[in-house]
Structure formats: structure tokens, C-alpha cells
Amino acid sequence: MKNEIEEQYEFMDKVNELNKGKELKYSIFTMGCQLNENDSEKICGMLEKMGYFRVDDTTKADIVVFNTCCVRENAEDKLFGKIGEMKRQKEKKGTIIAIGGCMMQEKHIVEKLHSSYPYVDIIFGTHTLHKLSEDIYKILEERKRIDDVIDIDGEVYEGLPIKRVDNIKASVTIMYGCNNFCSYCIVPYVRGRERSRRPVDILNEVRNLAKNGYKEITLLGQNVNSYNGGENYKFSNLLYDVNKIDGIERIRFVSPHPKDFTEDVIEAIKKCDKVCKIIHLPLQSGSSKVLKSMNRKYTKEQFITLAEKMKERIPNVVFSTDIIVGFPGETEEDFEDTLDVVKRVNFEQVYMFIYSRRVGTPGDKMENQIPEEIKHKRFDRLKALVESGISVNNQKYIGTVQKVLVEGESKNNPNMLTGRTDSNKVVIFEGTKDLIHSVIELKIVSEHMWYLKGEIM
Ligand code: SAH
Ligand code: SF4
Ligand code: F3S
């Protein structure tokens with residue numbers, strides 16, 4: 001019997017047959033996180049197999065795909081704005097409009113699309129992405145709108161075509177979904193429960209990438225360190241095995257959860273020479289009280305102790321983090337706890353967010369919501385603190401030798417090359433183009449807030 005994916009390949013062939021000789025084009029908007037971007041690479045893979053060519057100019061496209069995110073509110077207005085703009089093109093050219101991704105798992109959004117944007121052709125969810133080819137085939141054959149959203153956890157499908165955006169760095173999704181239900185977060189509702197890919201499938205994908213010249217791999221999941229490959233094969237086992245693959249020079253992973261940094265994971269990070277020693281350690285809040293109501297499962301003290309323990313065990317480790325300001329009930333004192341942790345841990349990079357109410361989450365139902373004005377003021381204070389630390393932190397690079405993966409010419413100055421350190425800092429330097437895509441050692445000579453300047457040794 002054919003499996004689901006083999007069936008989908010048949011639909012890709014059928015659409016390809018229908019499109020033959022027509023030189024059809026597609027555009028895609030990717031609105032979410034790295035997992036969402038990785039999904040888009042699969043969507044592009046399917047579309048190209050169906051005979052569509054990618055264009056940036058949406059007005060030239062015969063099919064436009066929106067891959068949505070709903071983790072924060074502003075994405076909704078943005079999507080509806082863009083779909084509104086598509087109306088005339090749809091009427092004039094008959095462009096196929098397909099909307100997928102996390103936001104489509106929200107009933108109220110789909111209802112709004114039905115009532116206000118009836119010209120949308122395909123609505124697909126996070127569990128039905130692999131069926132896009134079938135949906136497109138049906139649209140071409142039957143011309144009636146398709147809703148393909150299911151509410152049960154999708155299976156882990158292997159073998160979809162993929163068209164990657166980069167040719168040196170690649171993302172590899174290792175698990176889908178999330179079980180943590182942090183009280184502010186919509187992800188568990190739109191991505192379902194945790195499902196891990198089999199180790200053999202992940203390792204084969206990475207080996208293939210290495211064969212095709214990829215140097216840097218980012219392992220992706222909403223909670224990567226709770227990866228469960230079966231038969232006691234855990235995230236640490238995966239790190240050791242990916243570390244062994246020849247050709248791969250750097251391994252990164254996002255996002256881990258502080259509660260799952262078990263001893264074996266810390267040990268693996270230390271022992272695997274290719275694992276970059278910048279670790280994402282999402283704090284969210286520095287107040288134990290807020291953390292409890294966020295359902296994060298650690299206190300301020302436990303977080304600091306974990307960071308200190310990792311600093312002790314892993315030489316030269318640095319951290320990046322995510323922080324939310326203005327969660328319900330956050331007092332001035334709670335917020336100061338957040339500032340305190342930021343000062344004490346000295347993060348290399350801080351991604352800051354203003355709390356956004358999400359329908360269906362416990363946070364949305366909490367009574368003590370923080371007024372917008374206070375949220376914004378706190379955000380600005382946190383931002384000022386983080387930015388005041390950047391330059392001081394950059395100073396410590398000056399005079400050091402850093403391994404840099406050379407990515408290409410600098411966008412602002414084509415006579416210079418650009419690359420990134422292990423710790424993800426941008427380095428600009430003078431060099432010949434043959435260095436592109438190699439890992440070289442550079443001496444850091446100066447810092448410029450958002451980038452460092454280096455010299456070949
Ligand atoms: N699974 C990842 C994060 C996924 S979402 C993790 O646990 O780290 C990425 C970030 O968006 C979160 O870390 C959080 O800081 C932020 N975020 C999630 N929900 C949010 C909300 N309702 N409002 C504001 N920021 C939010
Ligand atoms: Fe959201 Fe928390 Fe899951 Fe991350 S761990 S996706 S923040 S529920
Ligand atoms: Fe957004 Fe979905 Fe990622 S909600 S952050 S695209 S998992």
C-alpha cells in the first residue's frame with residue numbers, strides 16, 4: 001500500500017502535468033519562527049515539484065502562500081491587511097490564495113476568513129501541511145474552496161521535498177508540538193502534543209546536508225531538550241551522533257526549556273566540539289511569582305543556579321534568552337527581578353517581547369492585566385538595559401581570535417566579507433571571495449555595536 005507521502009508525490013506529478021509549459025509562478029510569505037520557516041522550505045519544495053517558479057513580486061504570482069504565526073497579536077492585522085490587498089489581483093488574474101500555519105488552527109480566525117475574505121482558496125493547518133499538493137490539485141480541477149485543518153496531532157511525515165533558503169546553514173526539525181502549556185502561550189494549542197522524529201531519519205537528513213556542503217545545522221523544536229527518540233535515546237544522544245557527522249562544523253539548537261537541562265545534556269554540550277557554546281536559555285521573567293503563574297516550572301534562583309552551573313561546567317559558554325514584559329500581575333518589583341537576572345547572567349543576546357493576550361490561554365483569562373502604557377514603559381527600560389550592555393560585552397572580543405563561518409559579501413560593503421562567530425556575532429572583514437563558505441580564524445580588532453571587525457591572521 002502507498003503511504004500518505006507517496007500519494008502526495010502523485011498529486012505533485014499530476015499538478016506538474018496540468019501546469020506543463022505554462023511557466024507558473026509562486027510567492028510565499030513566512031510570518032513565524034524558525035519552525036515555521038522550515039515548514040515554508042517544505043512548502044517551496046512541494047510547489048517547485050509541481051512546476052511553480054518562485055518570484056518575489058506577488059503581483060506576478062499565480063499562487064500566493066501565507067505561512068502564518070499567531071504567537072503574538074500583531075500578526076493578525078498584518079495577515080488580514082495582505083489578504084485584503086490580494087483581492088483585486090484575485091479578481092483580475094484568478095491567483096490561487098493559500099493560507100496555512102499556526103493561525104489557521106484558531107477557529108475564530110478561520111471564521112473571520114470565511115466571512116470577510118471568501119476569495120481565499122485554501123486554508124490548511126499545521127497538521128495538514130503535507131497535503132498542500134492534493135489541495136492545489138483539487139482547486140485546479142474543481143475550483144471550489146478547500147478547508148484542510150484538523151485538530152488532532154498530525155503524524156510525523158518523512159520525505160517531503162524541500163527547497164532550502166540557504167546553502168551553508170540548514171535547519172532540521174527534530175520534534176513537533178509542545179507539552180508545556182506556559183500560560184501565556186498559544187503554541188501547544190496550534191501545534192499539538194510533542195512528537196519526535198526517529199533518530200535515523202534526523203541523522204540521514206543531516207548526513208545528506210553534509211554531503212551537499214552544508215556546514216551549520218540548527219536542530220529545531222519547541223522544546224528540543226525533551227526530544228524522545230525512543231528506547232532511551234534522548235536529546236544528548238542526538239547531539240553526540242550529529243557531532244560525529246563529517247563535514248558538519250557547527251551545531252546549534254532552539255528552543256530548549258530550562259527545566260530539561262539534565263546532566264547528560266550539559267555534559268553533551270561540553271563534550272561535543274561542534275556544538276556552539278551559545279545556549280538559548282529562555283528566562284521569560286525573573287520573578288518567581290510571575291514564573292509560577294506562567295507555569296514555567298522554575299524559580300528565579302533555580303534559573304540563576306542553572307546558568308552558573310553551566311558556566312562552570314562548559315568553558316566560555318554564553319547565553320541568549322527570551323523575555324516577556326507585562327505578564328498579568330507583574331508588579332514593579334517583579335519587573336525589577338527580571339532586570340536583576342539580566343544583569344547577573346549577562347546574556348549575549350536578549351529577545352524581548354511585550355505580553356500579548358492570546359485567546360484560549362490561561363493568561364488571557366487572568367484578571368490583573370497590565371495597562372499597555374506600563375508594558376511599553378517597562379519594555380523600553382529593559383531594552384535600554386540590554387543595549388547598554390552590548391558595547392561592554394563586545395569589548396571582551398577585542399584582541400581575541402574567533403572561529404568565523406564566512407557567509408558571503410557584506411550587504412553594505414561588497415569589498416568586505418561577513419560571517420558569524422560561534423556565539424552568533426556578525427564579523428565583517430577584508431578577504432577574498434574564495435573564503436566564502438569556509439570556517440576561518442579571525443582576530444577581532446574593533447566593535448561597532450551590531451557587528452565586530454576582524455582581520456585575517
Ligand atoms: N518554545 C520556545 C518559544 C516559542 S515562542 C520556548 O519555550 O522558548 C517564542 C517566544 O515568544 C517565547 O519564548 C516567548 O518569549 C514569546 N511569547 C510567547 N507567547 C507570547 C505572548 N503571548 N506574548 C508575548 N510573547 C510571547
Ligand atoms: Fe510556548 Fe512554553 Fe511551549 Fe515554548 S515551552 S512553545 S513558550 S508553551
Ligand atoms: Fe508562531 Fe507557530 Fe512558530 S505560533 S512562533 S509560527 S510555532
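A pocket, for today, is an open set of grid points where a 1.4 Å probe fits, with protein on both sides within 12 Å along at least five of seven lines. Keep in mind that this is a predicted model.

Let's start with the second largest pocket. About 590 Å³ of space lies in it. Its lining takes in 30 residues. Which of them lie nearest the centre? Those are Lys-42, Tyr-157, Glu-158, Leu-160 and Tyr-176. By residue class, the lining divides into nine nonpolar, 11 polar and 10 charged.

Now the helices. Helix 2, residues 34–49, supplies at least two residues of that lining, and so does helix 7, residues 199–211. Which element gives the largest share? Helix 7 does, with five residues.

Stay with helix 7, and look at its partner. Two packed helices are described by the angle between their axes and the distance between the axes. Helix 8 covers residues 235–243, and its axis comes within 10 Å of the axis of helix 7. The two axes cross at roughly 25 degrees. Angles under 35 degrees count as roughly parallel, so helix 7 is roughly parallel to helix 8. The crossing of helix 7 past helix 8 is right-handed.

To recap: helix 7 gives the pocket lining five residues, and helix 7 runs roughly parallel to helix 8.

Definitions and conventions
Residues numbered from 1 in each chain as written. Chains lettered and ligands numbered in written order. Predicted model: local features only at pLDDT ≥ 70, side-chain atom pairs only at ≥ 80, totals over all residues. Heavy atoms only, no water. 1 Å grid on protein atoms, 1.4 Å probe; cavity = no way out; pocket = protein on both sides within 12 Å on 5 of 7 lines; lining within 4 Å. Points joined across faces, edges and corners; volume = space filled by probe spheres on them. Helix = DSSP H or I, 4+ residues; strand = E, 2+ residues; numbered from the N terminus. Nonpolar A, V, L, I, M, F, W, Y, C, P; charged D, E, K, R; others polar. Axes fitted to C-alpha atoms, helices over the stretch in contact; angles between N-to-C directions. Parallel < 35°, antiparallel > 145°, perpendicular 65-115°, else oblique. Left-handed = near helix turned anticlockwise from the far one by under 90°.
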